[in-house]
Amino acid sequence: MGIPDSARAVSVEAGQDCLVGRFAAMASPCEILIESGDRELATHLTRTAADEAWRIEDKFSRYIPDNIVGQINTANGRPIEVDDETASLLDFAATLYDLSDGRFDITSGVLREVWTFDGGDRIPDPEAVDNVVQRVGWRRLSWRRPVLALQPGMQIDLGGIGKEYAVDRVAGMLSEAIACSVVVNFGGDLAVTRQPRQRSVWRVGIEALSATGGRAGTVLEISTGALATSGDSRRFLRKGGVRYSHILDPRSGWPVEGAPRSVTVAADTCTQAGMLSTLAMLEGHAAEAFLDGEGVIYWCRR
Amino acid sequence: MADKDPKSVSAALAAATCSLLGSLPAAPVQAEEEPNWDFNTALLYYGEDNDRVQDLSLNILARRDYLDDRFLTLGLTIDTLTGATPNGAIRQNVPQTFTRPSGSSAYTVPAGELPLDDTFKDTRAAITVGWEQPLGRLWKTGIGFSGSREYDYTHLGLSGSLSRDFNKRNTTVSAGLAVAHDIWDPVGGAPLPFAPMLDVGDTGNKTGSDTKNIVDAVVGITQVVSRRLLVQLNYSLSNASGYLTDPYKFLSLVDGATGDTIPRVPAPGAEGPSHEFRFENRPDERTKHSLYGQAKYYMSGKVLDASYRYMTDDWDIDSHTVDLRLRWPLGEYSYIEPHLRFYTQSEAGFYTISLVDGVELPAHASADYRLGNFDAITAGLKYGWKTSSGSEMSLRAEIYQQNGTIPGELLIGNQVGRETYPDLDAIIVQLSYHFSR
């Protein structure tokens, strides 16, 4: 199933002291905030951003059958030689797997076969979970750049990295293209290309509680760097008084206990912010302790 | 992960991200929660010429942003007032002696000079507390409390407001109500109406404290006419009742033919007034109606702010105020703002220069120059700039000139040519500092 061309349109309108380019990619509303009054320039930058976002989406989305991810997932045990960009993402995934002691695993997507987080109470049969977990685990596949071989029945999903990677890629391109400050915001994961001149900060609303007990709808001021948020308070299951977060521990196949509802992290790049917020969610009860230990700027909502 | 060295994940992640992206941004992340508190502080000096009133005032207004358009405001004002002010008596060709408001001593004004009471010295502290928040999507409400305290005066006030947006938020209709209860506790007591000024130590002409109540109501509409033009129109009604007299002001009791003040001899061995003076007496109710219109016009960075107010009250005072400001940016970080204000008012119906001996007293009378017929002009310049830390500062300097005329029919005999309206020149200097935390 491809993306219809009609959905791939960009628009530019005036915002507060900036121009706002909009388009949709990766199932998210995407915004390019440009500190400039030049509409022609804004349209060009938005188009550049959208083209790159759609390129990454087309290449790595698991919903698009013929792309590299589709080839890997349907290889049925055959080794696949991948291009440089895919190889870099796989190297990155391998590092994250090691850093997280196996909690961050791009092969965990098959757990969706048994888990559906729709706010309901359908908890899967433990035996079914155990069966699926046999097909999960980075250590079960073979990765020797540039050749990847999955065991039959395994799948990879780069969705946990793709959006943040796209934000950083687009921010890098726009930073080279233009001297004014631009915010690249893909559904709340964002990066600032450089410090804004007129206002000195960009104001960004996040739906998270501050570590110091703030409230939902905190407004952040960011002048350089990036923000990413993990978690979605609408995606959970509830049964017998227990709330099952949609954050699954790929080692057991069961939801992480005590995961925050959302974690927003500020870091130099959107990729770092996104991985730190994801790793914090996977820590469950220890999310804040982990983030404090890493010395990062974060807002955690429980 | 918890058993690893602190920051080990961050460092390894940074390295991995660098190989993934090819490079990392030059500038490290800078992000923080938006400051919640906004502070507006100002130090203001107001000085009248000829050693008349000098006022130094410190103003701090703090505003806490609770998001979703909910705000708490806290205000504190402290000011000190010193100097002399006309006491209401007319000039004489001989020195005049007055008993001070305290009743404990007397002061003498040289022949031919405008009698000023130089005992003015007061410190005032005022606080305000306000809360505003939306009610649903289109309504907004606010409540407020105000209180102030000075040596002889206490003010307590409550206010509430309600507004609603219409027309895609281009139109806002608002209404407000404020009530206040003020207590006068004048030095030496509040004089009885038209009571004569007595010798030092004799308080037979004074009673204790007195109060007044004030109700203000306002309705208004604000309209965004275009991207450049914003207009506002308000009607307000104000009713004050109770003790509206100035306890420190009085009138000279004069001879109906010469216009000279009737001489008086203090009791043997006592210090006291050299002439006959009667404390003023104002109506115990005042109702004001005001119409106010304002337009703000934005033109490529410059903002013209023009307003006009018409006020009329049942004391027969009509006033007109025209206020013009033009904010002119000087580059990105500073601006200048010239300011012009014109004011004119007609005198109160009971305003007079003196009371005539042997004639039945009017129901009300005051010689307070502020109730007379006068024009005033304010002209000034403000310079504002942004500091490197993002705060804003401004310096404002203005001159104020008040010129009045005494209607000819109020002058009797020798008063003609001798008595003139006490014109006033003042300067205003204000330093403001705005910052967020």
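In this predicted model, strand β22 of chain B is joined to strand β23 (residues 392-405) of chain B by 14 bridges, and the two strands run antiparallel. Within this pair, Asn373(B) stands opposite Thr405(B) in β23(B). The hairpin formed by β22(B) and β23(B) has 5 residues between the strands, and Gly390(B) takes a positive phi near 90 degrees there.

Strand β22(B) also has a partner in β20 of chain B. Here 12 bridges join β20 (residues 334-345) to β22 (residues 373-386), again in an antiparallel arrangement. Leu340(B) in this pairing stands opposite Ala379(B) in β22(B). In general, the strands of a sheet pair through backbone hydrogen bonds, in either a parallel or an antiparallel manner.

**Chain B as a whole**

The secondary structure of chain B consists of 1 helix and 24 strands. Of the 437 residues in this chain, 19% are buried. Among contacts in chain B between residues at least 6 apart in sequence, 61% join residues at least 24 apart. The average pLDDT of chain B is 93, and 98% of its residues score at least 70. For the model, the ipTM is 0.89 and the pTM is 0.68.

**Where the chains meet**

On the side of chain A, 47 residues are in contact with 27 residues of chain B. The elements of chain A that each give two or more residues to this side include α3 (84-99), α5 (159-177) and β15 (262-267). Strand β10(A) gives the most, with 10 residues. By class, the side of chain A that touches chain B holds 19 nonpolar, 18 polar and 10 charged residues.

Strand β10(A) also pairs across the two chains: 4 bridges join β10(A) to strand β1 (residues 30-33) of chain B, and these strands run antiparallel. Leu220(A) stands opposite Glu33(B) in β1(B).

**A sheet in chain A**

Three strands of chain A form an open sheet in the order β4-β6-β5, with antiparallel pairing. The edge strands are β4 (80-81) and β5 (142-144), each of which pairs on one side only. Strand β4(A) is joined to β6 (residues 147-149) of chain A by 2 bridges, and Ile80(A) stands opposite Leu148(A) in β6(A).

| Strand pair | Bridges | Direction |
|---|---|---|
| β22(B) and β23(B) | 14 bridges | antiparallel |
| β20(B) and β22(B) | 12 bridges | antiparallel |
| β10(A) and β1(B) | 4 bridges | antiparallel |
| β4(A) and β6(A) | 2 bridges | antiparallel |

Technical notes:
Residues are numbered from 1 along each chain as its sequence is written. Chains are lettered from A and ligands numbered from 1 in the order in which they are written. This is a predicted model: local features need pLDDT of at least 70, side-chain atom pairs count only at pLDDT 80 or more; totals for chains, interfaces and linings use all residues. Two strands pair if DSSP finds at least two bridges between them. pLDDT is the predictor's confidence in each residue, from 0 to 100. A residue is buried if 20 or more other C-beta atoms lie within 10 Å of its own, exposed if 12 or fewer, and partly exposed in between; C-beta atoms are placed from the backbone. Two residues are in contact if their C-beta atoms, placed from the backbone, lie within 7 Å. Ala, Val, Leu, Ile, Met, Phe, Trp, Tyr, Cys and Pro count as nonpolar, Asp, Glu, Lys and Arg as charged, and the others, Gly among them, as polar.
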